[in-house]
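Reader: Could you take me through one part of this model up close? I'd like the packing details, in plain words.

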Amino acid sequence: MSKERGRGMAAVNYPTGMNLGGDPTQALVHSSTTGNFVITLSSTDLGQGAKTALAQIGADALGVPVENVRIDTGDTDTGPHCMGTFASRLTHRAGNAIIDAAEEAREVLLEVAAEELEAAPEDLETDGEGNVHVSGAPDRSIAVMDAAMAAHFEQGRTISGRGIGFKEKSDVDPETGEMDPDSTEAHACMIADVEVDTETGEVTVLDIQCTYEIGQMVNPALVDGQIVGGAQMGMAHALYETTDPYYPEPKHKPGGFGEYSLPGPSETPNIDTEVLEMPSTTGPFGTKGIGEMSATPPIPAIVNAINDAIGVRITKVPVTPEDVLRALEEKEASSDEDDSATKQEA
């Protein structure tokens, strides 16, 4: 018995959004009296950092510091409509909605500032640092906070905006089968190196190398977290996770996380990532979805690496030590049969 090494590769393309009966997400933006902006959504941050990325998109569209933007995800009873956080759609749909709403609010902001500065709105611009000034004359400026105060207490105006990110339903062409089911597609390629202990059946993932093409990144740190976290999740699907280990036989089902195998820090391999930025024509500032796709390529890449290591193609997941040992036993039995047949022919 020995430890055998193998390498596997997988490539995926992954859609952003789904072809539902129309796929909308709405956003509302309004300014407080002190010039901070609240973006109201019914979209849910599941821990992936959506609030941070969406605040960055809103700040860029408004032309104010990101510290001056708050994301209020509210609830589905009181917030504007959102189809949900799924299909890697949230940044794309909510981002587009926020840009629309922010542009409407920014237009009002410039009108208010124009009256205070005695200038034309079209001659004004925001500097991204909390000020509005006359183009080419930065000394003629007003703080966004002062403009918001003037709007509320002097001009009697509301600095606010409404927006929607929308993908209309695409029906199938009955003649050609053609349709447009998603908004954009991201791509990834991954190589995994593994070591297989042929005595115990244990698989160790040694190294993961991956390249992702996900459009323009909004927040590189969050993207890296998604990719690395997705690689760990993919490892779990490939080697550990199962609620029904002997399906359809119902025995030995885990009753809690104490009996449910997951990879921990000691099982996490070296993970190297490379991101290619090829902006989408439909996403906010060129973004595409990254969420769910990051857990997809590790599964086939790791399984292909196991197949390469032991010379047997396993076609189920998770690939448990028992699966590896059974595959090796079948391979050995098949080899013995071939040898016996060869001797008989001779």
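Author: Let's start with a cut-off: a residue counts as buried when its relative accessible area is under 20%, and as exposed when that area is over 50%. Tyr260 has a relative accessible area of 19%, so Tyr260 is buried. Keep in mind that this is a predicted model. The partner of Tyr260 is Phe257, and together they form an edge-to-face aromatic pair, with 6.0 Å from centre to centre and 85° between the planes. Phe257 sits at 69% relative accessibility, so Phe257 counts as exposed.

Another ring worth a look is Phe86: Arg89 lies over its face, 5.5 Å from the ring centre.

Now for the helices. Helix 2 covers residues 90–117 and helix 3 covers residues 144–155; they pack with their axes 9 Å apart, at an angle of about 85°. That angle makes helix 2 roughly perpendicular to helix 3. On the helix 2 side, the contact uses Leu109, Val112, Glu115 and Glu116. Helix 3 brings Val144, Ala147, Ala150, Ala151, Glu154 and Gln155. Sorted by type, the residues of this contact are six nonpolar, one polar and three charged.

Val144 turns up again in the surroundings of Gly35, a residue in the loop between strand 2 (23–31) and strand 3 (37–40). Leaving aside residues up to four places away in sequence, Gly35 touches Asn68, Val144, Met145 and Ala148. At 1% relative accessibility, Gly35 counts as buried. From Gly35 to Pro265 is 44 Å in space, C-alpha to C-alpha, and 230 residues in sequence.

Key:
Residues numbered from 1 in each chain as written. Predicted model: local features only at pLDDT ≥ 70, side-chain atom pairs only at ≥ 80, totals over all residues. Heavy atoms only, no water. Phe/Tyr/Trp six-rings, centres within 6.5 Å; stacked < 30°, edge-to-face > 60°. Buried < 20%, exposed > 50% of the residue type's maximum accessible area, 1.4 Å probe, protein only. Lys NZ or Arg CZ within 6 Å of the ring centre and 35° of its normal. Axes fitted to C-alpha atoms, helices over the stretch in contact; angles between N-to-C directions. Helix = DSSP H or I, 4+ residues; strand = E, 2+ residues; numbered from the N terminus. Parallel < 35°, antiparallel > 145°, perpendicular 65-115°, else oblique. Contact = heavy atoms within 4.5 Å. Nonpolar A, V, L, I, M, F, W, Y, C, P; charged D, E, K, R; others polar.
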